Amino acid sequence: MTSPDVIVVGSGASGSLLAAKLAESGRKVLILEAGPDRGEQAMISSTLYARRWKWNGAPVVEEGKNPIGHGFNAGLGVGGAASHHYAVWPRMHASDFSVRAQHGVGLDWPIDYDDLRPYYDQVQHDCGIAGDEKQEKWRPPGAPYPMPGVPMFSQGRVLKRGFDALGMTTAPLPLAVTTTNYNDRDACIWDGWCDAGCPIGALANPQTVYLPRAKAAGAELRVRAEVTRVLMDSQGRRATGVEYVDADGATKTVSAGLVILAAFAVQNVRLLLHSTSDRHPQGLGNAGDALGRYIMCHSAALVYGLFEENTTHYLGAFGGQLVCQDSYPKQTHAEAGAFGSYQWMIAQAVKPNDLLGIAPTRPDLFGKPLADFMQRAAKGFGSMTGVIEDLPVADNRITLHADRKDANGVPLARAVHTCHPKTNALWQAALEEGKRIFQAADATEVWTGPQGMMHIMGGTVMGADPESSVTDSYGRVHGLRNLYVAGPGLFPTSAGVNPTFTVKALAARTAARLIDRQGTENAAP
Amino acid sequence: MPDRRTLLRGAGAAGLALNFGGWLATPREAWAAGYEPSVLTDQEFKLTVALGEALVPGAAAAGIAPYLDQQLGAARSETLLMIQYLGVEAPYLDFYRAGLAAVEGLAQQSQGRPFADLSADRQTATLGSFAGAQPEGWEGPPSPFFYFVFRSDATDVVYGTPEGFSDLGTPYSAHIVPPDEPWRSGTQQ
């Protein structure tokens, strides 16, 4: 393909969807993916081999009290971070879109839930989500789930006992994983290898759903093509294409009428900051010095326990079996100095080793005490994770490193992130609640983990004001006609749920807009 | 998309196959065959064996030392080490080398002998002195972090394989076994 209509940078959650829908609308789409195409055969069922799906590109220099964990959270290669994601796909709530208006903290979105609802429904239909909308009493309005909820195994039944005892509500965790045959995809067999990729196609990662559609519609996927700069016209008002370095190290350019940056949130910021010119000396979309700001991460509230029963902890999905959103109202834990929402992902399938496995939950043990613990845990281990909303803070920011560059001469990203005190208080309140739940479930031992960072959002936040945001509600960079950003970087607030479903809903909304206005990108904004 | 049943037929013999100088083997097999280090020094290799075994019983026989030696010489894109997503930049040899030297220095300082030559009780005491907080005089990566990383490597080789799962009574249930294992071709189920 020599002259695409659209360049999509990145083949992950948002890029794959945009490429598919735009290609299906008749546009010539070129996807430039910085990493390799490992193929499904590389989705090896091993906690060690699964690490190859994580980020291994240019280092990100991390600072602050709560470093973002870019290496763990990001991905490099076809499918991006979504190739190793856990497919926990709850919707954001209406309250997530107007946090500042309602509570005077954080930011507001330029859209509300009703704007996004039809696109949640559309993506849900495309990808398939298993759930039970009747049991999910907190669920915002939307189409019923197309597949029944995930099955409950022993660990789920044991932990549910604690929630029941405290009068709390649980429901099947909404997962983009097949519980029945769906669009020629076989049902999941619940072996807990989700983050190693899902070669059987049960989990709706990009390789399973949107990338095949994009290719079938004629999109070209060009791998090991690392974009280094967005190219602009002489007036600095229109993107003309991108510059990239190919697998052989050669610098190339490609032109198109529409450019969409759908790389990982940190890398989108890096690209925009690096694409300076006389018209844009601070980078693209940075007229108001908002670019790179409001980086957010969910704090993980990790609760562990041992139980008398055999919990068969290896069965199920990595994300879990059940969800509880009883603490979603923003002021639920205000008396503890906290603000924000969280949900519990309950009864997660775990392996003996790796960062989220059993052994690292007790780093204080070594030698025979560790071996003894592993034998006990192999029978009765249980876990759940709270997804803790992170209040946006302007000083949590991605910038370009002053001195260090990658092999292509692009400055490294520097990421500073320190959680807001109210976020820390919410994390602590969740841990206390989690311990009470495990005790109510008759755990023989209960302990908690450190404040890990998961999901990276913000940095290219959307908004109505070009001085305080980077894009409009469709991801179009303020002041530029045909340059768009996609992905969780657009989020002005982080909510208390996993981001991927909302990433896709936003991308579907952008795709619909672009299809509706086909061929008019070069008109005045 | 591979056919699911085709994939499942291959399950059951998953291992941790690495290329040891052109010789494909698991770390356990490499250790049993008398593997000699090519990246670590002999002293570092010996310490790796002792430290791994003290942290996670069974790590020596599971091949912690051949595993680390091979991995520290592997390309960044091929590494399996957990350290790759713990905020440490590649190459990782410097991190391990500095950490091992710090452990050895601590053992000499506090016990008067190399770590590998200490009794089990004294090894335990030495580990306990740097696992939770950094002791005075420690020169290397933050000691609790080095402890966490090295302990994770040892748990990987002991518990992160089909043999390790089996020892815990945990079904492995692989979709895809590690590829390119010609020496296993006759034994795959």
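Here is a short chat about the two-chain model shown above.

Q: Before we start, what kind of model is this, and how are residues and chains labelled?
A: It's a predicted model, where local features need pLDDT of at least 70, side-chain atom pairs count only at pLDDT 80 or more, and totals for chains, interfaces and linings use all residues. Residues are numbered from 1 along each chain as its sequence is written, chains are lettered from A and ligands numbered from 1 in the order in which they are written, and side-chain values use heavy atoms, with hydrogens and water left out.

Q: Great. How many helices and strands are in chain A?
A: Chain A has 10 helices and 18 strands. These are DSSP runs numbered from the N terminus: helices are H or I with at least four residues, strands are E with at least two.

Q: And what share of chain A is buried?
A: Buried residues are 66% of its 525. Buried means under 20% relative accessible area, with a 1.4 Å probe and protein chains only.

Q: Which helix residues in α7(A) are buried?
A: They include A:V266, A:L271 and A:L272, along with A:Q267, A:N268, A:R270 and A:H274.

Q: Switching to the nonpolar core: which residues touch the most other members of the largest one?
A: A:I260, A:L483, B:Y96 and B:F115 do, in a core of 196 residues. A nonpolar core is a set of buried Ala, Val, Leu, Ile, Met, Phe, Trp, Tyr and Cys residues joined through side-chain atoms within 4.5 Å.

Q: What does A:I260 touch?
A: Not counting residues up to four places away in sequence, its partners include A:V6, A:V8, A:L22, A:Y484 and A:L514. Contact means heavy atoms within 4.5 Å. Another core, of 25 residues, lies apart from the largest one, and A:F163 and A:W344 are among its members.

Q: Now chain B. What is its pattern along the sequence?
A: It reads α-β-β-α-α-α-α-α-α-α-α, which comes to nine helices and two strands.

Q: How much of chain B is buried?
A: Of its 189 residues, 53% count as buried.

Q: What about contacts between residues 24 or more positions apart in chain B?
A: Those pairs make up 62% of the chain B contacts with a separation of 6 or more. For chain A, the corresponding figure is 74%.

Methods
Buried < 20%, exposed > 50% of the residue type's maximum accessible area, 1.4 Å probe, protein only.
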